[in-house]
Structures are given as structure tokens and as C-alpha cells.
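Student: I am new to this structure and would like to go through it step by step. Could we begin once it is in view?

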Amino acid sequence: RIANSRDYQNLTGHAPPTRAPTAEAYTQAGLPWFEYYDENATALPGSKPLAGLDSVAAKGIKKGELPLPENTQVTPLDIVKLGETVVREGEF
């Protein structure tokens with residue numbers, strides 16, 4: 001479930017984080033990494049309305065800021081391999 005900042009505070013009792021976690025913090029927290037590879041998959045075409053938007057990193061660089069933390073290389077301990085899954089309509 002994805003929660004916005006107001007819901008995050010209501011759900012956890014803590015203020016929402018102001019910066020994205022680093023790969024190292026994510027790994028140290030024991031959270032799983034996910035691997036998905038399909039050599040027969042083709043990329044979806046990009047969205048024309050979104051094509052001109054900058055990424056968060058690009059916006060920060062243009063402003064002279066570093067909005068995302070630097071990531072050091074990590075060795076994930078918990079890797080979940082994902083395969084082909086059929087998603088059907090329904091209640092989730």
C-alpha cells in the first residue's frame with residue numbers, strides 16, 4: 001500500500017522521511033531486493049506528455065542541489081526472483 005505523507009504520519013505515528021533511503025540503509029534494514037528478468041520482454045513506448053519532464057536528479061542538478069542520496073555499492077542478502085505473473089481484475 002502506498003501512503004501519502006499525511007497518511008504515513010497517521011499510520012506510523014512518525015513524521016514521514018524527508019529523503020529517500022540509500023541502498024545501504026535499505027539493505028541494512030533487511031528489506032528484500034527484487035529481481036525480474038525476461039529476455040523476451042519488450043519495453044513499452046514512453047509517454048509523449050511525460051517525455052519532456054526532468055527526473056528528480058536532473059531537477060536537482062539544474063538547481064545546484066543534490067535531492068537524492070549517493071548510493072554505495074551493496075550486496076543484497078535477500079533477493080526475491082520474480083517471474084511471469086498474470087494479473088486479473090478484482091479486489092486487492
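Tutor: Helices here are DSSP runs of H or I with at least four residues, and strands are runs of E with at least two, numbered from the N terminus. Please keep in mind that this is a predicted model.

Student: In what order do the elements of the protein run from the N terminus on?

Tutor: Counted in this way, the secondary structure of the protein comes to three helices and two strands. Read from the N terminus on, these elements follow the order α-α-β-α-β.

Student: What share of the 92 residues is buried?

Tutor: A residue counts as buried when its relative accessible area is under 20%. The accessible surface of the protein comes to about 8900 Å², and 55% of that surface belongs to carbon and sulfur atoms. Among the 92 residues, the buried share is 4%.

Student: How are the rings of tyrosine 26 and tryptophan 33 arranged, stacked or edge-to-face?

Tutor: A search of the whole structure finds one aromatic pair. The ring centres of tyrosine 26 and tryptophan 33 lie 4.9 Å apart with their planes at 65°, and planes over 60 degrees apart count as edge-to-face. Tyrosine 26 is partly exposed at 24% relative accessible area, and tryptophan 33 is partly exposed at 26%. The arrangement of the pair is therefore edge-to-face.

How values were computed. Residues are numbered from 1 along each chain as its sequence is written. This is a predicted model: local features need pLDDT of at least 70, side-chain atom pairs count only at pLDDT 80 or more; totals for chains, interfaces and linings use all residues. Side-chain values use heavy atoms; hydrogens and water are left out. Buried means under 20% relative accessible area, exposed over 50%, partly exposed in between (1.4 Å probe, protein chains only). Accessible areas come from the Shrake-Rupley method with a 1.4 Å probe; for residues, only the protein chains shown count as cover. Rings of Phe, Tyr and Trp (its six-membered ring) pair if their centres lie within 6.5 Å; planes under 30 degrees apart count as stacked, over 60 as edge-to-face and the rest as tilted.
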